[in-house]
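The following exercises concern the sequence and the structure shown below. Each task is followed by a solution in steps.

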There are 2 protein chains.
Amino acid sequence: MIPKQLLTSPSGFLDLSPAEAIAQSKFLDIVRRRFERAGFSPLETPLVEREAVLAAKGEGEISTQIYGLRLLNPDAEAVGDEKELAVRFDHTVPLARYLATHSRELPFPFRRYAIGPVLRGEKPNMSKGRYRQFTQADIDVIGDGALSPLHDAEMAAIISDIFTEFNIGSFTIRINNRKVLSALLAKAGIGEESVASAMRIIDRLEKVGRGKTAEDLEALGMPAEVARELVEALTAERSSADTLKYLEGHLGDEPGVTELRIVIEALKDFGVPDANYRIDLSIARGLEYYTGTVYETRLDAHPDLGSIASGGRYEDLASAYIDRPLPGVGISIGVTRLLLRLIGAGLVLADTSAVAPVLVTTAERAYLSTYLRLATELRQAGVPCEVYLEDKALDKQLHFADRKGYRYALIAQMEQIVGGRWILRDLRSGEQRELAASDLAAELSNESR
Amino acid sequence: MIPKQLLTSPSGFLDLSPAEAIAQSKFLDIVRRRFERAGFSPLETPLVEREAVLAAKGEGEISTQIYGLRLLNPDAEAVGDEKELAVRFDHTVPLARYLATHSRELPFPFRRYAIGPVLRGEKPNMSKGRYRQFTQADIDVIGDGALSPLHDAEMAAIISDIFTEFNIGSFTIRINNRKVLSALLAKAGIGEESVASAMRIIDRLEKVGRGKTAEDLEALGMPAEVARELVEALTAERSSADTLKYLEGHLGDEPGVTELRIVIEALKDFGVPDANYRIDLSIARGLEYYTGTVYETRLDAHPDLGSIASGGRYEDLASAYIDRPLPGVGISIGVTRLLLRLIGAGLVLADTSAVAPVLVTTAERAYLSTYLRLATELRQAGVPCEVYLEDKALDKQLHFADRKGYRYALIAQMEQIVGGRWILRDLRSGEQRELAASDLAAELSNESR
């Protein structure tokens, strides 16, 4: 037999218990419904890609985190390509590869969502929410040569809809535009060769504070006073309208400012409440990949959770694969990290491993048919239920219902069976009442779970 | 740039196009809803397990098909366990491992479903539906020491509900019991040492025919006349009731016969129409793993598709991991193979890559707000829609709608905008009519997609 300590899942590869998996499933149902409501279709690429495909797009740190796939049995008949197989580390690279081969037959703009696991060979850190396998939920729109900034607004609107429905407290989508940031940096005297470094400095602003950020910018050659003013401007508390006014005054008709205005105006048409977003000029996003709009999303009461949905606009998705410019914009939700942190913070409950509201108990073994038929009727009426099928005493069955987290139990002993009635017991309050079989489905449909 | 021929997904690792992914998603929604309606909760184990865990349970051929996971970059900082990681080849082994470590805290019977990808290093064969990655949808119930055969009936009822709702034509769940088959073999003179071989011969009966099966049984030492009679008995066309009568006459109160009777009787209570199942004594299932009830499911009009849902009862799920007997029963649907074959056979349509019913076109660029607001209203009313955001002529937008497979397009030119009305065009029939904005949501909710 295998030693006990080997029977856990490997570190960074999580088991989601039924209660956690139910909570995740509720969240992903919202995500998927909102993606689809906005006309995003699923695209399902495999977990496995050719190593060359992943390596061509995996920039920086990621390139050291790619898992290859190898048949374990050295005598196994190989397919021939076993040395080329590797596991995806995100949903964007497979999208780029798919579009590179299918761009001719697809209608553009191409809108797709992808929800599923990705793998990264990082050192796991449970408290930081860093896992080796995690679920990402992505939406992207890809244009053929060009793509209206209206899409950038719609992305933010979808994120707003998702977190409004998920109901975990107020949140703010912070929106910026990297062209705007570049123009501000240029105006502050940063030459093109230092823009990337300056962006990385600004990306850490929230973490290290204003003073340190100004110092770091100085070290890049920016005069102290200019650096201080820039950091002031990036962190000024202004309404989105005032920020746009400031930018128009300061930068004139810089294209990034126009894009930002289009995005902010369209957000109103997409029905996003003002409180759910603001322009935040300090949002830079680390990756050089992004070229225009960038987003981060914070829970207002839980800034410690970090960004719960991030993304942005990129110039050319598939330049590593084809020479046809495919600009796009996308947002990604790191589902596993978000969900487990929300459960940890008590903002999401994972308090029941019962996916159905009710357990049909089977007190009188001689009348099994009665119980099975009731369960069948409830299911046919759309009420999920489990029927207890083992031959155990009623109190054991109720104990089971309680442990598993059922809200209700249905009970019929001889007296009820003879009378065609059922006892509906609320396992939280202990209250119970008798109902006719014909009323149960309606009653249980009305009850909240 | 990467050579073009490397930009396809690796052989046996499929891209599902949006149209295929939509079809799969519709099927999996049915599967999940039916699993949950019967009180099965999700359990989500990772894609990756320790090699020792998989190797302990991977019997026979499977053991040569296990993929290991290796960091590609030799200089990458390893977590330390990289040489132990392997990818799951089914959902049963992870379930066994999970139960081995959590059995003390879980309420039994433990019911769970798992829907997700598994990987096997086989030689892919598209025409046979053999892939290296495929989605499996599994349900299992695990008992603590014992488990009522009523669960075996419920499994079949769930499969019946799924394929009834999926509506791909009539089907038959063929049910047998390996104890019954063993008893019939024993009565025909097969010693215990040859039962497994005889089972494998019977497992091929449908493929090789009666004559060849009788010959193969003879080769095992069965007298010709006995072999012929046994094959006759296994393939006789009888109702389930008559088969039970035959078995009771022939085998007396053999435990397998009692189990089979309990299963068949409970199927009625679970509301399964008689036409959806029958006892088929020739169903053996190859794996020695199964010890009682076994199932296969065929589409009546498409026997060539093979079994679309199979499974059975096993004595002890986790004997490789803990010494606590955990008997169970489960059924698995090979989703990828089934779905692609149904699409290939025209039984399932994958004819639209639009997940929403309607495209909101944007004919008058100056009135963008009007279009965005209509799309927002429709979405808020629960009607999924895409709004066309690029600055293109209306005919190009309608061409896009058509190519993507939208059923409807909403059009407003100046005349309609001024009048607050919309043209709803049916893109299949070409018919169109004008509606007030306030009527659109109700109208589109009523339309079938």
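**Exercise 1.** Determine whether A:Glu248 is buried, partly exposed or exposed, and describe its salt bridge with A:Arg261.

*Solution.* Step 1. Buried means under 20% relative accessible area, exposed means over 50%, and partly exposed lies in between (1.4 Å probe, protein chains only). With a relative accessibility of 31%, A:Glu248 is partly exposed. A:Arg261, at 28%, is partly exposed as well.

Step 1. A salt bridge requires a side-chain nitrogen of Lys or Arg within 4 Å of a carboxyl oxygen of Asp or Glu. Between A:Glu248 and A:Arg261 the closest N and O atoms are 2.7 Å apart.

Step 2. A:Glu248 belongs to helix 10 (residues 240-251) of chain A and A:Arg261 to helix 11 (residues 255-269) of chain A, 13 residues apart. Helices (H or I, at least four residues) and strands (E, at least two) are DSSP runs, numbered from the N terminus.

A note on conventions: the model is predicted, local features need pLDDT of at least 70, side-chain atom pairs count only at pLDDT 80 or more, and totals for chains, interfaces and linings use all residues. Residues are numbered from 1 along each chain as its sequence is written, chains are lettered from A and ligands numbered from 1 in the order in which they are written, and side-chain values use heavy atoms, without hydrogens and water.

**Exercise 2.** State how many salt bridges there are over all chains, and explain why the pair A:Asp15 and B:Arg97 joins two chains.

*Solution.* Step 1. The count over all chains is 69 salt bridges.

Step 1. In one of them, the side chains of A:Asp15 and B:Arg97 meet at 2.6 Å, N to O. The pair joins two chains because A:Asp15 lies in the segment before helix 1 (18-37) of chain A, while B:Arg97 lies in helix 3 (residues 92-102) of chain B.

Step 2. A:Asp15 is buried at 19% relative accessibility, and B:Arg97 is buried at 0%.

**Exercise 3.** Explain why helix 3 of chain B is described as largely enclosed, and identify what its buried residues pack against.

*Solution.* Step 1. Because 9 of its 11 residues are buried, helix 3 of chain B is largely enclosed by the rest of the structure. Among the buried residues are B:Val93, B:Leu95 and B:Tyr98.

Step 1. These buried residues pack against helix 1 of chain A, and against strand 2 (48-50), helix 2 (51-57), strand 5 and strand 6 of chain B. Contact here means heavy atoms within 4.5 Å.
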